[in-house]
Amino acid sequence: MRRYAVVFLAVMSLNAAVYQTLSLEEEAVIVHKGTERPFSGKFNHFKGKGIFTCKRCGAHLYRSEDKFDSHCGWPSFDDEIEGAIKRVKDADGFRTEIVCATCGAHLGHVFKGERLTTKNVRHCVNSIAMDFIPSKSKP
Ligand SMILES: [Zn+2]
C-alpha cells in the first residue's frame with residue numbers, strides 16, 4: 001500500500017514538471033477543444049511586446065509583432081513562430097484546428113483568404129490557451 005502511494009506521487013510530480021496544472025476553464029478549451037466567449041479573453045485587446053506561449057507546456061507560439069486587430073473577439077495573429085503550430089482538420093469537417101506542436105494543446109482555428117492582412121492568414125487563438133512573456137527591452 002505504501003509503495004503504491006510513493007509511485008503515485010512520483011508520477012504526479014513528473015507530470016507537474018512537464019505540464020502546468022490547468023484550471024477547469026483552461027482544461028475545457030485546451031484539452032476538450034472548447035472556445036472561450038468572444039471579447040472575453042485577456043489577450044483580445046492586449047498590445048504588449050513579447051512572446052505568446054502555450055499555457056500548458058510553455059512552448060513559444062506567437063510574436064506580438066504578428067498580432068493584429070481583427071475585431072473578431074479573439075486574439076488574432078497572421079504568422080506563427082516556425083514549427084510551433086500544428087494544423088489538423090477540425091472535427092466539424094471544414095475548419096482547420098490549430099494545436100501546440102509540442103504538447104497538442106488546442107489553441108483555436110486558422111483561416112485563410114479573409115484579406116485582413118497582407119499575409120492573408122488569421123490564427124484565431126483562445127486567450128486562455130496562452131501565456132505571455134514580455135520582451136526585456138522597452139518598446
Ligand atoms: Zn503546448
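These are my notebook entries on a predicted model of one chain.

**Entry 1, overall make-up.** I began with the secondary structure, and I found two helices and nine strands in the chain. Reading from the N terminus, I noted the order of the elements as α-α-β-β-β-β-β-β-β-β-β. I then looked up burial, and 25% of the 139 residues of the chain count as buried. For the contacts with a separation of 6 or more, I noted that residues 24 or more positions apart account for 57%.

**Entry 2, a sheet.** Next I looked at how strands pair, and I found an open sheet of three strands in the order β2-β1-β9, with antiparallel pairing. Its edge strands are β2 (60-63) and β9 (130-134), each of which pairs on one side only. From one strand to the next, the twist averages 30°. I followed the pairing of β1 (residues 50-54) with β2 in detail: the two strands run antiparallel and are joined by three bridges. Within this pairing, I noted Tyr62 in β2 as the bridge partner of Phe52.

I then turned to the largest nonpolar core, which has 19 residues, and the members that touch the most others are Leu61, Ala105, Leu107, Val125, Ala129 and Met130. I checked which elements contribute, and α2 (24-30), β1, β2, β6 (96-100) and β8 (121-125) each supply at least two residues of this core. As a general background note, nonpolar side chains tend to be buried together in soluble globular proteins.

Technical notes:
Residues numbered from 1 in each chain as written. Predicted model: local features only at pLDDT ≥ 70, side-chain atom pairs only at ≥ 80, totals over all residues. Pairing = 2+ DSSP bridges. Helix = DSSP H or I, 4+ residues; strand = E, 2+ residues; numbered from the N terminus. Axes fitted to C-alpha atoms, helices over the stretch in contact; angles between N-to-C directions. Buried ≥ 20, exposed ≤ 12 C-beta atoms within 10 Å, placed from the backbone. Contact = placed C-beta atoms within 7 Å. Core = buried A, V, L, I, M, F, W, Y, C linked by C-beta atoms within 7 Å.
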